[in-house]
Amino acid sequence: DYDLVICVGVLPYLTIAQAWQLIKDISLSGSKFLLATTHFNPINSDSFLAAGGHYRPVNLLRSPFTEILPGLPLLQWEMDLFPHPFLDDAKMSFQAPGYFAWLKQDDSQVLALFELEHPY
């Protein structure tokens with residue numbers, strides 16, 4: 001068992017089903033906390049991936065992730081507090097513009113600390 005699993009910058013590259021399974025597996029691992037990037041987009045959709053994109057926002061506070069992460073994050077940090085060349089939205093804009101206007105999805109992201117609930 002681990003106290004903290006860090007999953008930063010991973011979920012936007014997975015399908016919703018793959019991201020959901022990853023978080024479910026982390027929750028079932030017995031870990032106590034999950035530190036992950038989350039976005040503020042209104043819906044979770046694979047539309048951008050299906051259109052040939054490689055990245056799209058994932059909101060862990062929306063369905064289907066609320067089944068696994070039922071509460072609000074314990075803490076949230078703005079991403080600009082942790083500058084990193086690979087996490088900078090401007091650097092990723094060649095594949096994912098800062099605002100997904102055509103999907104009505106905001107690409108703003110934060111680091112969020114979730115307490116995991118264990119089903120056992």
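Student: Which residues does Leu 34 touch, not counting residues up to four places away in sequence?

Tutor: A contact requires heavy atoms within 4.5 Å. In this predicted model, Leu 34 touches Leu 4, Val 5, Cys 7, Ile 23, Ile 26, Leu 69, Ala 112, Leu 113, Phe 114 and Leu 116, residues up to four places away in sequence being left out.

Student: What conventions apply to the model?

Tutor: Residues are numbered from 1 along each chain as its sequence is written, and side-chain values use heavy atoms, without hydrogens and water. Because the model is predicted, local features need pLDDT of at least 70 and side-chain atom pairs count only at pLDDT 80 or more, whereas totals for chains, interfaces and linings use all residues.

Student: Which residues of the largest nonpolar core touch the most other members?

Tutor: In soluble globular proteins, nonpolar side chains tend to be buried together. A nonpolar core is a set of buried Ala, Val, Leu, Ile, Met, Phe, Trp, Tyr and Cys residues joined through side-chain atoms within 4.5 Å; buried means under 20% relative accessible area, exposed over 50%, and partly exposed in between (1.4 Å probe, protein chains only). Of the 17 residues in the largest core, Leu 11, Ile 23, Leu 34, Leu 60, Phe 65, Leu 69 and Phe 114 touch the most other members. S1, H1, S2 and strand S6 (109-115) each supply at least two residues, and H1 gives the largest share, four residues. Helices (H or I, at least four residues) and strands (E, at least two) are DSSP runs, numbered from the N terminus.

Student: Which residues of H1 are buried?

Tutor: They are Ile 16, Ala 19, Ile 23, Ile 26 and Ser 27. These residues lie on the same side of H1 because they cover an arc of only 100° around the axis, taken from the directions from the helix axis to the C-beta atoms. Their cover includes S1 and S2.

Student: Which side chains meet in a salt bridge?

Tutor: Side chains of opposite charge can pair when their charged atoms come close. The criterion is a side-chain nitrogen of Lys or Arg within 4 Å of a carboxyl oxygen of Asp or Glu. Here Lys 32 and Asp 3 form such a bridge (3.4 Å, N to O), linking parts of the chain 29 residues apart.
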